[in-house]
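The exercises below concern one protein chain, shown next. Try each task before reading its solution.

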Amino acid sequence: MFFVFLGVVLFGTIVLLAWLQKRSDSRTGPVIPMVRIGIAQNSIEAQMWAQRLGVEGVGCRISNYSEIGYLATYRAANSYDMELWVRAEDEEAARELLGLPK
């Protein structure tokens, strides 16, 4: 009886670990090359740029940005730059839309 219990526990552990490994692998998708196209002076300017790109169908990512209100205010007041990143394939279109140099 002990060996049956031990087998169930070991087999269950192995199955659980395999499931967790598969689950973590499924969350990682293909690597998408991104390029930084500009640095906004504050979060407001970065959001304006992102909105302009979004309207035209160009996806982007803002780094050094926080959704927490007081932290965003603190960062903007302390001149933390906000980087705007787009897919490498959208770089030219994004720069043209925002009037940014190469």
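**Exercise 1.** At roughly what angle do the axes of helix α2 (residues 43-55) and α4 cross, and within what distance do they come?

Solution. The model is predicted: local features need pLDDT of at least 70, side-chain atom pairs count only at pLDDT 80 or more, and totals for chains, interfaces and linings use all residues. Residues are numbered from 1 along each chain as its sequence is written, and side-chain values use heavy atoms, with hydrogens and water left out.

Step 1. Helices (H or I, at least four residues) and strands (E, at least two) are DSSP runs, numbered from the N terminus. Axes are lines fitted to C-alpha atoms, for helices over the stretch in contact, and angles run from 0 to 180 degrees between N-to-C directions.

Step 2. The axes of α2 and α4 cross at roughly 120° and come within 10 Å.

Step 3. From α2, Trp 49, Arg 52 and Leu 53 meet Ala 94, Leu 97 and Leu 98 of α4 (contact: heavy atoms within 4.5 Å). Sorted by class, this α2 to α4 contact has five nonpolar residues, one charged and no polar (nonpolar: Ala, Val, Leu, Ile, Met, Phe, Trp, Tyr, Cys and Pro; charged: Asp, Glu, Lys and Arg; polar: the others, Gly among them).

**Exercise 2.** Why do Ala 40 and Arg 95 count as buried?

Solution. Step 1. Buried means under 20% relative accessible area, exposed over 50%, and partly exposed in between (1.4 Å probe, protein chains only).

Step 1. Ala 40, in β1 (residues 34-40), counts as buried because its relative accessibility is 0%. Beyond four places in sequence, the contacts of Ala 40 include Trp 49 and Asp 81.

Step 2. Arg 95, in α4 (residues 91-98), counts as buried because its relative accessibility is 10%. Arg 36, Ile 37, Leu 100, Pro 101 and Lys 102 touch Arg 95, not counting residues up to four places away in sequence.

**Exercise 3.** Which residues have the most contacts inside the largest nonpolar core?

Solution. Step 1. A nonpolar core is a set of buried Ala, Val, Leu, Ile, Met, Phe, Trp, Tyr and Cys residues joined through side-chain atoms within 4.5 Å.

Step 1. The largest such core has 14 residues, and Ile 37, Leu 53, Leu 84 and Leu 98 have the most contacts inside it. At least two residues of this core come from each of β1, α2, β3 and α4. Helix α2 gives the most, with four residues.
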